[in-house]
Amino acid sequence: AAVSASDAGMSVILLEKRPSPGGTSVFTDGLLAAESPVQRRMGIAALKDDVFKTAMDYSHWKINPRIFRAFIEKSGDTIRWLESLGLKFGSIYSMYPGIDAMTFHSLGIGEKTGLAIIKTLRKHSESLGVKVLLNCPAKKILTGDDGEITGVLADRDSKECKIAAKSVIIAAGGYSANKKLLKKYYPDYDENIAFLGAPNTGDGLLMATEAG
């Protein structure tokens, strides 16, 4: 989001809660895409309509079809964009047992795809002048008298600070480390479930809800 906004000529500040950006994405082996340039190079037929139906059937149509459709429509172009920044996806395989669609893109077997993506995006964003503030969690989305976005309230060096902005993009993680939200939104929650990855506490979701 920071790279795209900066590419569009905007002045961008990225707030990162942790000492380094990326969150759980750093640990991922790859990403799903349909009709990507990599698939075309390898002669792999993975049509958007087929991938959409397969994924929806796999999830028993419990996920939001409009959101997933939007994701699928942009997925191939996302791979193209990442390759334009210097990444080279050289391996594609099936994402789940029993599903034949070759949709999962990685840099190669044993390669740290997620880490490479985050490093590439950070390097490119900084070359564009994006200011990255680490250890600086956002606390609240600020709004004006008419409900318009005016900025963000953040915690920097244990001090509260206001950052003025004409618009705000929330690109935070989920809420897998927030038991209160899990119990509220995940009916199958159980205390014995083990959650992997970064300890996301739902900050972005909570700020968005509070802002209306």
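This is a short talk on one protein chain and a few of its residues.

First, the ground rules. The model is predicted, so local features need pLDDT of at least 70 and side-chain atom pairs count only at pLDDT 80 or more, while totals for chains, interfaces and linings use all residues. Residues are numbered from 1 along each chain as its sequence is written, and side-chain values use heavy atoms, with hydrogens and water left out.

Now the overall picture. The protein chain has 7 helices and 8 strands. These are DSSP runs, numbered from the N terminus: helices are H or I with at least four residues, strands are E with at least two. The C-alpha trace spans about 55 × 45 × 35 Å along its principal axes. There are 212 residues, and 32% of them count as buried. Buried means under 20% relative accessible area, exposed means over 50%, and partly exposed is in between, with a 1.4 Å probe and protein chains only.

Next, charges. The chain carries 27 positive and 24 negative side chains. Lys and Arg count as positive, Asp and Glu as negative; His and the chain ends are not counted. The centres of the two sets lie 4 Å apart. Each charge is placed at NZ of Lys, CZ of Arg, CG of Asp or CD of Glu.

On to single residues. Is Ser-75 buried or exposed? Ser-75 is buried, because its relative accessibility is 3%. This serine sits in helix H4, residues 65–84. Leaving out residues up to four places away in sequence, Ser-75 touches Leu-32, Ala-33 and Ala-34. Contact means heavy atoms within 4.5 Å.

Then look at the loop between helix H6 (179–185) and helix H7 (203–210), where Ile-193 is found. Ile-193 has 32% relative accessibility, so it counts as partly exposed. Asn-200 is in the loop between H6 and H7 too. Asn-200 has a relative accessible area of 13%, so it is buried. Beyond its neighbours within four places in sequence, the contacts of Asn-200 include Arg-18, Thr-24 and Tyr-175.

Most residues other than glycine have a negative phi. Yet phi of Asp-157 is near 55°, a positive value. Ser-158 has a positive phi of about 65°. Why does Asp-157 count as exposed? Because its relative accessible area is 66%. Ser-158 is exposed, with 74%.
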